Amino acid sequence: MKRSFALVAAGIVALSVADLPARAQDAPPGNAANGKRVYLADGCFTCHGRVGEGGNYYGVTPTLAKTQLPFEAFKQQLRDPARVMPPFETAVLTDQDAADIYAFLQTLPLGRPAKDIPLLNN
Amino acid sequence: MPKRRNSPDVARRNFLKSAGLVGAAALTPAAATAQIAAPRAELQKALPPGPKQIALETQPPGKDPVTQTSSGGDFMVDVIKSLGIEYAVINCASSYRGIHESLINYGKNTMPELITCPHEEIAVHMAQGFAKIDGKPLVMMCHGVVGLQHASMALYNSWCDRVPVMVMIGNITEADKRAPGAEWLHSALDPAAIVRDFLKWDDQPQSLQHYAESTVRAYKLATTPPMAPVLISLDAELQENPIADRESLRIPKVGKVVPPQADSGAIAELAKMLVAADNPVLICDRLARTPDGMKHLVELAETLQCGVVDLGGRMNFPSRHPLNQSFRRAAVDQADVIVGLELNDFWGSVNSFTDRIVRTSHPTAKPGAKMVSLGTRDYLIKSNFQDFARYQDVDLAIGGDGEASLPELTEAVKRLIDPSRKSAYEARGKKLAAAQLASLEQARAAATTGWDASPISVARLSMEVYNTVKDEDWSLVGTSTGNNWPRRLWDFKTPYSWNGGSGGGGIGYTLPASLGAALANKKHGRLTVAIGGDGDFNFAPGTLWTAAHHRIPMLYVVLNNHAYHQEYMYVLAMAGRRNRGVTDVDIGTTLKDPNIDYATVARGFGVHGEGPISDPAELGPALQRALAVVKSGQPALVDVVSEPR
């Protein structure tokens, strides 16, 4: 059985980032190749997609490709997530793994503009 | 199933004798002897019959007749025909062999035509999908005991979805008429008991007249809102025995049934609230029963220039209508009057619920917002299964069929609108139209990430399918994976362009229910398309044989993410909470090693299969090839290796 979602309009998960460092380049060095491995092995892709395109779990889940979320906010969401995202604490995901995933996400391309994709203009 | 033996019951023989039987009695002993005495040449090597056998086969026929000229089954078919039911979706069973033969030879397999289903759940789900497109129920037939248990999950879905299905089961009520073995195993004192919690009504008639009245009553109840499945248990003796006096039997008529309409005073009160509101919103779920439903809702929304949130239980409101606010939660949260039209879960629409270790919820509606429910849902709930959802207190609860009540509500609103407020209404409408357009653009932008990736993104898959069907008279009748891309991006505008979901969330719905909808669409020449999950597919793959055998055109796309993906995410959530490893949650939640090749499975059932396709560039051409097959009148399946969501 599936649980039904309360409202089709269930909103995009909003992360509280207002008080956190705002620059992606402040992230610690990460190994994107290992980040990809961990991202897929630890199940991040189940809600956010293999190429960070987002998904659906109790409503729309955020796109992570080239995330603009600062690393500290990203890590905070992993450790003490807002809303329904499961926590990924250090026992299952080290700080270095988090940095590697973050580095991997920065390698993922954003899509072309929708206007340039004919199928999205039907 | 075993054949039932001739009953040696003396009283029954006497009854049969008086009922105009022919056949064996016409065969004279001399003729019978001659047949036995002149064996064909090729049988001459066989051992000659012994004296006992000769005596048995040459004695005059007994009093038990072997043929009959009428049957209860024939009359039962007359009753079904009187209801204008187009198809009987069946899984054959000895307990209803009497009416089965009548449907074929007496009823000429037309109105209803038999549709053979290799599982009872397929049959019920087909009836569910059919009724939501056609507006009329089908008869579904199966064994009373072992068939009805197979059918039960689909009946629960139909119940939750408030869809009429006419279930007819076979049963042998008289214990002394049951052959040893299977007939005892397949009989029950009260066979409907196992599904009664999700039936509107049922009966086990004891005579043919009783059958006629109960069947017509069942039809009337099933098709009067709130609609739901009904069941008639057909006694085998009643089906099989000759009719003593056909002329004495009467088939009652259904007559014109008017759906219950809301009280005029209550409608006037609601109209007053809506007209006075600054920001009213209409939330609808299983509102539109007929093509008029969407028309009525559009008229009301345009009169008020208010937002509509369509939860998608039916095709209630055009997806790209400027007032469609279905993907804007703010449309509900900021409303000062919230009207729930045929909502099952009003609470869920005005509250937020968080699935964490401590489960919490809070109201999301604006404080002081007035809430009104209009519908029939509250008038058919039962205690055991909890499909009625959490209780939501409202300011005004109006009982009455939503669709039937809308025209009076719209007229009442029109009468109350002060011309001086028209400009305010227009401004409100323009604001909503801008928000709707922004919502569409946001969805388009979100669809771009991963557009060229493999496995294929669900957004890409959905839009490749739309590109294939958009110039046809299409009808999307299933998406089973939480895939809301079509409803965000496709242009749904006809009353049949969507028909809702499973109802009860029981998986195994999408493939057979889509085929039922395709059967309803067939006579209109519409293109039926569905996007179903691989997990769902595996519950009832035999549906494809029914599609091929009965030549029901349908374009079926398998969203093959190799998982029961919703459960995958749930188990991951548990693992995260418990902090002891998140890498093994694919155990028990995935369908890989080996990956299933659904195109090959399809071909095995006689259906055109394309795939598995994991390169997005190959998807469009594969869909076009499948479309050509479907347009030739055949079903086709496309297996798409896709992203999870």
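So, the sheet in chain B: this is a predicted model, and in it five strands line up as an open sheet, in the order 14-15-16-18-17, with parallel pairing. On the edges you've got strand 14, residues 474–479, and strand 17, residues 608–613, and each of those pairs on one side only. If you ignore direction, neighbouring strands here are turned by 15° against each other on average.

Let me zoom in on one pair. Strand 15 covers residues 527–533 of chain B, strand 16 covers 554–560, and five bridges join them in the parallel sense.

Okay, over to chain A, and a pair of helices. Helix 1 is residues 32–41, helix 4 is residues 95–107, and their axes come within 7 Å, crossing at roughly 100°. So helix 1 of chain A is roughly perpendicular to helix 4 of chain A.

Who's touching whom? From helix 1 of chain A, the contact residues include A:Val38 and A:Tyr39, and on the helix 4 side they include A:Ile101, A:Tyr102 and A:Phe104. There are charged residues in there as well, among them A:Lys36 from helix 1 and A:Asp97 and A:Asp100 from helix 4.

Definitions and conventions. Residues are numbered from 1 along each chain as its sequence is written. Chains are lettered from A and ligands numbered from 1 in the order in which they are written. This is a predicted model: local features need pLDDT of at least 70, side-chain atom pairs count only at pLDDT 80 or more; totals for chains, interfaces and linings use all residues. Two strands pair if DSSP finds at least two bridges between them. Helices (H or I, at least four residues) and strands (E, at least two) are DSSP runs, numbered from the N terminus. Axes are lines fitted to C-alpha atoms, for helices over the stretch in contact, and angles run from 0 to 180 degrees between N-to-C directions. Angles under 35 degrees count as roughly parallel, over 145 as roughly antiparallel, 65 to 115 as roughly perpendicular and the rest as oblique. Two residues are in contact if their C-beta atoms, placed from the backbone, lie within 7 Å.
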